[in-house]
Each structure stands twice: as structure tokens, then as C-alpha cells.
Amino acid sequence: MQHAMIQLQDICRTFVVGDQEVRAMDHVSLTVRQGEYLSIMGPSGSGKSTLLNIMGLLDTPDSGTYLLEGKDVTRLQDKELASIRNRKIGFIFQFFHLIPRLTARQNIELPLLLAGVGKSERQKRSSSLLERFGLATRSHHRPEELSGGQRQRVAIARAVVTRPAVLLADEPTGNLDRESGNEIVELMEELNRDGLTLVVVTHDQNIGTRARRTIEVVDGRISLDKVVP
Amino acid sequence: MLLAMSIGVAAVVLLTGIGNGARGYIVNEFSSLGTNLIIVIPGRAETASGTLSTLAGRTPRDLTLDDAKALTRNSRVTRVAPLNIGEMSAARGRRERQVPVLGSTASFLKIHHLQMSRGTFLPEGDATLARPVCVIGNKISRELFADQSPLGEQIRLAGYRCRVIGVLEGQGRSLGMDTDELVVVPVAFAQMLLNTESLFRILVEVQHSEAIDKVKTFIGDTIRQRHYGEKDVTIITQDSVLATFDTIFQVMTVTVAGIASISLAVAGILIMNVMLMSVSQRTAEIGLCKALGAARGQIMLLIVSEALLLSAFGGCLGLALGLAGARIASWLYPALDATPPFWAIGAALGTALLTGLIFSLMPARRAAGLDPILALSRR
């Protein structure tokens with residue numbers, strides 16, 4: 001049995017929309033083990049993105065405890081949170097969120113730049129990822145010159161360039177055609193086989209069911225937690 | 001925004017340049033009057049002109065030629081030139097015009113750094129001798145003698161005949177006197193022409209500037225002795241006059257700084273708006289950087305350094321504009337050396353950068369405070 005990577009205990013998160021309170025997380029407890037492949041499914045507005053944001057330390061719960069690799073990260077200062085996001089967590093988004101002015105390589109190196117990694121080390125790491133993800137010939141292209149699948153591969157390279165422990169993907173295939181989407185999923189699964197903990201939020205049943213473990217979120221609660229043996 | 005910034009910087013650079021040039025011009029003007037000079041003026045307050053002082057009556061307390069002579073009795077005094085000024089008609093044949101007439105001695109040439117174009121200046125020797133000779137300015141020479149040589153010719157000054165012995169080199173205006181339009185005669189002759197025994201003022205040239213204070217005391221003591229125990233003269237040194245001008249230019253510089261600070265404040269507000277706009281345009285990017293692990297400080301640094309870059313660019317543009325303007329001003333008025341001082345350039349650029357810094361802090365804080373989830377949820 002692998003040790004726990006993410007431990008959420010009794011997490012609550014409430015948003016105020018207009019004059020209504022929306023309970024996006026309602027006493028959620030969840031443990032994700034190191035190297036696990038978890039998909040989070042559920043209808044729109046069910047709170048699955050909130051769950052991912054909390055896991056990614058982009059959002060802080062109103063109550064409950066979050067242990068990342070056994071360390072309590074629930075009440076940390078901005079600077080520490082930023083540092084953990086940088087080193088431990090990789091993000092992939094539906095809309096890629098690449099910076100249009102930067103080339104593929106510069107986009108990949110961005111987290112290293114923020115972490116203050118030296119130029120030669122940055123180049124070494126980005127080169128090896130460009131090579132591995134089949135982007136070697138595209139390294140000097142800007143996002144607008146790349147296809148959707150290529151953009152998402154750049155985004156994945158950016159997410160893993162700091163060698164994080166967890167990869168969090170929010171609808172990574174939502175903006176791609178089926179073929180590119182499959183490529184992206186295979187790429188993420190390959191990274192997962194190498195030991196990276198993978199959490200994917202998706203609508204797509206096909207992708208959702210490929211994960212070894214699937215949870216379903218409805219109205220801020222985990223309604224289903226299914227592990228494929 | 002860049003424009004406002006550059007106008008601010010350009011204004012400072014250009015105006016201080018011109019101010020500096022004007023100051024240099026005036027300092028230069030004074031040194032053309034003669035360095036290490038002390039001016040002795042009769043009375044506690046200055047009289048408006050030579051004619052007025054003569055009208056005021058010949059009291060025993062007026063400065064006289066003997067006073068001037070007494071002032072030479074000090075080893076630190078190199079030259080003394082008594083001075084009388086009046087205006088009268090100068091005529092030759094039927095040509096006649098009003099001219100300023102200056103009565104002095106041979107020392108005046110050296111003290112005032114004048115150059116002779118032709119002939120000789122006033123003869124050395126006894127100042128009390130009213131020799132009917134004169135030295136005339138270039139323009140007077142042309143007007144009275146056309147292309148002929150005036151040397152040795154006679155002209156009439158207020159009806160008195162007098163022989164031209166020299167022509168002054170044209171040096172343009174100097175402290176309200178145009179040497180081109182001047183007639184210089186021996187001081188005693190001028191006193192006769194003006195019907196006075198008093199002097200308009202006495203110029204005393206001192207060996208070196210360190211001796212000025214001692215000579216001032218000497219002059220005061222000498223005059224007091226000769227004037228029945230009353231020091232009824234005003235003693236002016238160039239230093240004191242220059243100090244007055246310095247004060248004027250300081251006030252001017254402060255004014256310029258005020259104007260510049262207004263335009264820099266405008267530039268600052270514009271910078272703030274530009275940066276706010278750029279922050280809201282790049283909300284997604286900033287959110288992304290936060291998700292990728294940028295701390296608040298890093299985001300702020302990013303925004304502030306961008307603003308600094310913008311203001312540095314604007315500042316340099318303004319500097320170029322200002323220097324070009326100063327160059328043009330120097331070219332239009334060659335007498336004015338409108339080179340802005342280094343401190344002004346530094347201060348202008350420094351203020352531009354400071355403005356950029358201060359006014360980008362607010363947008364930077366806003367950017368740093370962005371919620372990454374909201375920022376990223378936008379497309």
C-alpha cells in the first residue's frame with residue numbers, strides 16, 4: 001500500500017452568489033494515495049472544480065483539514081502556498097492557459113523561472129520534455145501556431161517541469177477533438193505509470209472510466225467512490 | 001503616458017538648461033566688466049544716472065577725483081577708474097546725434113577689458129587734466145565719419161571741440177552700455193562738460209579676490225576720513241551682485257521643479273491607469289503565474305518593473321527631447337550656453353522612475369491580490 005498523498009478531512013467550502021449561499025463542498029473527506037489515478041466526475045456545478053482547486057491550493061476551505069504528503073497545508077501563508085504549488089503540484093486546464101507572447105519552450109520554463117532555477121538547468125529540463133512529448137520541432141513556436149493537442153502537450157510539459165508529486169487536470173480534453181484528447185489522456189497515463197499521482201476532473205465518461213478509481217461529486221458531496229481492481 | 005512622462009522630463013532638462021545658460025551668461029557678463037572689481041557709489045542709495053547726481057547738487061560728500069586718487073594708496077589696489085556718465089550731443093559738420101559720454105581714465109580700458117580697434121585710448125597721467133580728446137565707438141565713428149578715418153579729426157561734444165584719438169572695438173552690449181555707441185573722454189573733461197565736480201562712481205580693481213574684503217574696509221575707512229567721518233558711499237562687489245542673481249535663479253529653478261512635478265504627477269496617474277488596464281487585460285496570465293507558484297511578491301515585482309521600464313523609456317525620451325531643445329536654444333541664442341546641469345538630468349530621470357514606482361504600486365497590489373481561480377475561469 002502506497003502512502004497518502006492527499007488527505008482531505010471534513011472539508012467545507014461555501015460561496016456567496018448574489019444573496020444566496022452555495023455550499024460547494026459539504027463535509028468532504030477524501031484520501032488520494034501516492035501514484036494513484038483518480039478521476040472526478042459529476043454534473044456541472046456539483047463542486048468538482050472546487051474540490052480540485054482546494055487540492056491544488058488555489059482555494060482554501062472554510063473548515064476541515066488538508067494534509068499534503070502528511071503535512072498540514074490548510075493554513076499557510078501566501079508565500080508558502082505559492083512555493084508548494086510550484087514544487088509539488090502541476091496544473092492542466094481546459095483552455096491550456098499558455099502565455100501567447102512566449103514560445104513553447106518559454107511557456108514550459110515559466111514555473112522554473114518563477115522558482116529561480118538557473119538558465120542552463122531550465123533549458124536542460126525543457127529540452128528533455130519537448131523531446132519526450134514530440135514537440136522538439138515546435139519549441140520556438142508560439143501557442144497560436146500550435147494545434148490544440150500540441151498546446152495541451154506544452155501545458156502538460158509546463159505542469160511537470162518542476163517534477164511535482166501531483167498532476168491536477170481540469171477537463172484537459174474538454175477543448176480538444178477525440179483523437180487529440182486520447183493522445184493527451186495517454187500521455188497523462190504514461191506519466192502516472194512513472195509514479196506521478198494523477199487527478200482528472202472530467203465530464204467525459206470514456207476518459208472517466210479509464211481511471212482505476214472514480215469518484216462522483218453531486219451537490220458538494222462524494223456520492224460514489226469506485227475502485228477498479 | 002509616455003508623452004506626459006517625457007514632457008515632464010524634457011521640461012526639467014530644458015528649463016534648467018536655459019536657466020543654467022542664463023546664469024552663465026550673466027556671470028560672463030560680470031566678468032567682462034572686470035574681475036576682482038569693487039564699485040564705489042556715492043550716497044547710501046544708488047542714484048539713477050550721472051545727470052541726476054549732478055542735479056542733486058554738489059555737496060561736499062559727493063565722490064570726487066581726489067577721493068579716487070586717495071583710493072590708489074593701497075598696495076592691493078591695482079587700478080582705480082573714476083567714472084562719470086552723461087548724455088549729450090556729438091556733432092561733426094551737420095551730422096549730430098545724442099550719445100552717452102563716459103568720463104574716465106586710462107585704467108578704464110584694462111578694468112573693463114575693452115579692446116581698441118584703431119588709435120590709442122585715453123592718455124595716462126594726471127586725471128585732473130581736462131584734455132579735449134575722445135575715444136569713440138565703432139558705430140559713432142561710422143555715423144559721423146562714414147568710411148573716413150576719424151583719427152585726429154575734431155568733433156563737438158555739447159559744443160566743445162575735442163579730438164578723436166581712438167576707436168573702440170565693438171564688443172556689443174555689456175551691462176547696459178553699448179561700447180559701439182560710446183564716447184569716452186578724460187574724466188576731468190567730462191566733469192567740465194557735465195558741469196560737475198562729483199563722480200558717478202569709482203571702479204577699483206583689486207589684485208586678487210582674496211584681497212577684496214580688506215580693500216573694502218580700506219575704501220570705507222578712506223572715504224570716512226575724507227568725508228568728515230561719514231561713510232556715505234555704497235560699496236558693491238561682484239560677489240554680492242552675483243549672489244543676488246543666484247537667488248533669482250534658485251527661485252526660478254524651484255518654479256521649474258514645481259511645473260515639472262505637476263507634469264510628472266500627471267504622468268504617474270497615467271502610468272497607474274495603463275498598469276491597471278494591463279493588469280485587467282492579463283488577469284488570466286497573472287492567475288496562471290499564481291497557479292504555477294508565483295508568490296504575491298513576484299507578481300508585484302513583475303508589474304512594478306514593467307512600470308519602471310515604461311517610465312525609464314519615457315524618461316529617456318524626454319531627456320532626448322530636452323537635450324535637443326537645449327541644443328536648439330543654444331543654436332538660436334549663441335550667447336546662451338543652455339547645457340542642463342548633470343544634477344538636473346539625474347533628478348529628472350530619478351523622479352520619473354520614482355513616479356513610475358509609486359504609481360505602479362496600486363496596480364501591482366491589485367494584480368497580486370487576484371484570485372487565481374477567478375482569473376483562470378475567464379477565457
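**Where chain A meets chain B**

Between chain A and chain B, 5 residue pairs are in polar contact, both residues at pLDDT 80 or more. A polar contact is a pair of N or O atoms within 3.5 Å; within protein, one must be able to donate a hydrogen and the other to accept it, and residues adjacent in sequence count only if both atoms are side-chain atoms.

Two notes on the model. It is predicted, so local features need pLDDT of at least 70 and side-chain atom pairs pLDDT 80 or more, while totals for chains, interfaces and linings use all residues. Residues are numbered from 1 along each chain as written, chains are lettered from A in the order written, and side-chain values use heavy atoms, without hydrogens and water.

Back to the two chains. Which parts of chain A touch chain B? Helix 2 (78-88) and helix 3 (104-115) each supply at least two residues of that side. Helices are DSSP runs (H or I, at least four residues), and strands are too (E, at least two), numbered from the N terminus. Helix 2 of chain A gives the largest share, 5 residues. By class, this side has 10 nonpolar, 4 polar and 6 charged residues. Here Ala, Val, Leu, Ile, Met, Phe, Trp, Tyr, Cys and Pro count as nonpolar, Asp, Glu, Lys and Arg as charged, and the others, Gly among them, as polar.

Now salt bridges. The term means a side-chain nitrogen of Lys or Arg within 4 Å of a carboxyl oxygen of Asp or Glu. Between chain A and chain B the count is 1. A:R101 and B:E285 form a salt bridge, 2.9 Å from N to O.

Over all chains there are 22 salt bridges. Take A:R13 and A:D62, at 3.2 Å, N to O. Why does this pair tie together parts that are 49 residues apart in sequence? A:R13 lies in strand 1 (residues 4-17) of chain A, and A:D62 in the loop between helix 1 (48-55) and strand 4 (63-68). A:R13 is buried, at 15% relative accessible area. A:D62 is partly exposed, at 39%. The cut-offs: buried is under 20%, exposed over 50%, partly exposed in between (1.4 Å probe, protein chains only).

Next, A:E121 and A:K124, at 3.8 Å, N to O. Both lie in helix 4 (residues 119-132) of chain A, 3 residues apart, about one turn of the helix. A:E121 is partly exposed, at 25%; A:K124 is exposed, at 57%.
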